[in-house]
Amino acid sequence: MKRCEACRNRSERGAPRSGDRDPLLTSPILQEDPQDLPNLTCGICTMFPSCMSLLPRRAEPRPPRPGQAAVVLNVYDMYWTNWYTAGAGVGVFHSGVQVHGSEWAYGGHPYAFTGVFEITPRDERELGEQFRFRQSVHIGYTDFSEEEVRRLVNELGKQFRGDRYHLMNNNCNHFTSAFCLALCSRDIPSWVNRLAYVSSCVPFLQRCLPKEWLTPAALQHSLAAHSRSSSPATPDSQASQ
C-alpha cells in the first residue's frame, strides 16, 4: 500500500507513549529550495486525508510594520562552474541583498578596502556574462532607514575587504548572511552557501575560476572609479588649478 511520508514515519515509530509529543508535530519549517522539499503527495492510506495535517508547513510571512522595508536575497547561478560541481550535488551561487531599492553584494580584489558594491536589483548584466539570475528569496523586514543601511554597509565593508575574499571561507554568501542577520535577525537559506560546507568535494575549484568571476563587473567598475579618485593629481592638472 502506498503511503505518504508522514504515514510512513508514523508507522515506523509506532504510537506515541503517554507524555510524549508526536515527532511529526515538531517537524522543522521547510527550506526555501525546491530541491530540499520532501514529497508531500499522499497516496491511499488509512489516515488520508487527516494525515496531511501532520506534514510540516511553511510559515506565512508576516506583514511589515509601518516604516519597515523588505529584505530580499537575490540569487544568481555561476553557470559554467556548476558544470563541475553538479556531480557533487552542490551548486555555486552568487547572492546579493536587496533593500530600499538597491542590491548589495561582495566580491574579491587585491586591495585593503571594502569589496562590497551596489548594483540595480536583479540586473545580472551589471555582474557580468558569467552570472544568471536564479530567484529571489524573501528574508524578512528591517527597521533600518536607507541612510542607516548605507552606514551598515560601510561598517561591514571593514570586515569584508576585497583582499580578504575567499571562495570557500569568506565569499559573497557569507556577506549576505551577515548583512541579513544585521538587518532583520534572519539568515539566508543554507542551500545558497552549501559549497562552503562541502568544499572538500571540489578542492580545485578556486584555482579554476577566472579572476572576473571573483570580481564581478560592477565591482571592477567601482575599483576603476576608486583608482581615478585616489590617484595623485598630475603636474598639468595642478597648474590648471
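This is a predicted model: local features need pLDDT of at least 70, side-chain atom pairs count only at pLDDT 80 or more; totals for chains, interfaces and linings use all residues.
Me: How many bridges join E1 to E2, and which residue stands opposite Val75?
Reply: E1 and E2 run antiparallel and are joined by six bridges. Within this pairing, the residue of E2 that stands opposite Val75 is Ser95.

Me: Over how many bridges do E1 and E5 pair, and what is the bridge partner of Val71?
Reply: The pairing of E1 with E5 is antiparallel and extends over ten bridges. E1 itself is mostly covered, with nine of its ten residues buried. In E5, the bridge partner of Val71 is Gly140.

Me: Which residue in the turn of the hairpin formed by E2 and E3 has a positive phi?
Reply: E2 and E3 pair in the antiparallel sense over three bridges, and Gln98 stands opposite Glu103 of E3. The hairpin formed by these strands has two residues between them. The turn residue with a positive phi, of about 55 degrees, is His100.

Me: What is the bridge partner of Tyr106 in E4?
Reply: E3 and E4 run antiparallel and are joined by four bridges. The bridge partner of Tyr106 in E4 is Val116.

Me: How many residues of E2 are buried, and which way do they point?
Reply: In a regular strand the side chains alternate between the two faces of the sheet. From E2, Phe93, Ser95, Val97 and Val99 point one way, while His94, Gly96 and Gln98 point the other way, and all are buried. The strand is therefore mostly covered, and its count of buried residues is seven of seven.

Me: Is His94 buried or exposed?
Reply: His94 has its place in strand E2. Leaving aside neighbours within four places in sequence, His94 is in contact with residues including Asn74, Tyr76, Ala105, Phe117, Leu127 and Cys172. Because its relative accessibility is 2%, and the cut-off lies at under 20%, His94 counts as buried.

Me: Is Ala182 buried, partly exposed or exposed?
Reply: Ala182 has its place in helix H5, and, not counting residues up to four places away in sequence, Ala182 touches Phe144 and Leu152. The C-alpha atoms of Ala182 and Leu156, which are 26 residues apart along the chain, are separated by 9.7 Å. Because its relative accessible area is 33%, which falls between the cut-offs of 20% and 50%, Ala182 is partly exposed.

Me: What is the volume of the second largest cavity?
Reply: Rolling a probe the size of a water molecule over the atoms shows where empty space is left. A search of the whole structure finds two cavities of 30 Å³ or more. The second largest cavity has a volume of about 30 Å³.

Me: Which element gives the most to the lining of the second largest cavity?
Reply: The lining is made by Val99, His100, Ser102, Trp104, Glu146, Val149 and Arg150, and by class it has three nonpolar, two polar and two charged residues. The elements that give two or more residues to this lining are strand E3 (102-106) and helix H4 (146-159). With three residues, the element that gives the most is H4.

Definitions and conventions
Residues are numbered from 1 along each chain as its sequence is written. Side-chain values use heavy atoms; hydrogens and water are left out. On a 1 Å grid over the protein atoms alone, a cavity is a set of points where a 1.4 Å probe fits but cannot get out, and a pocket is an open set with protein on both sides within 12 Å along at least five of seven lines; lining residues have an atom within 4 Å of a point. Grid points are joined across faces, edges and corners, and a volume is the space filled by probe spheres set on the points. Ala, Val, Leu, Ile, Met, Phe, Trp, Tyr, Cys and Pro count as nonpolar, Asp, Glu, Lys and Arg as charged, and the others, Gly among them, as polar. Two strands pair if DSSP finds at least two bridges between them. Buried means under 20% relative accessible area, exposed over 50%, partly exposed in between (1.4 Å probe, protein chains only). Contact means heavy atoms within 4.5 Å.
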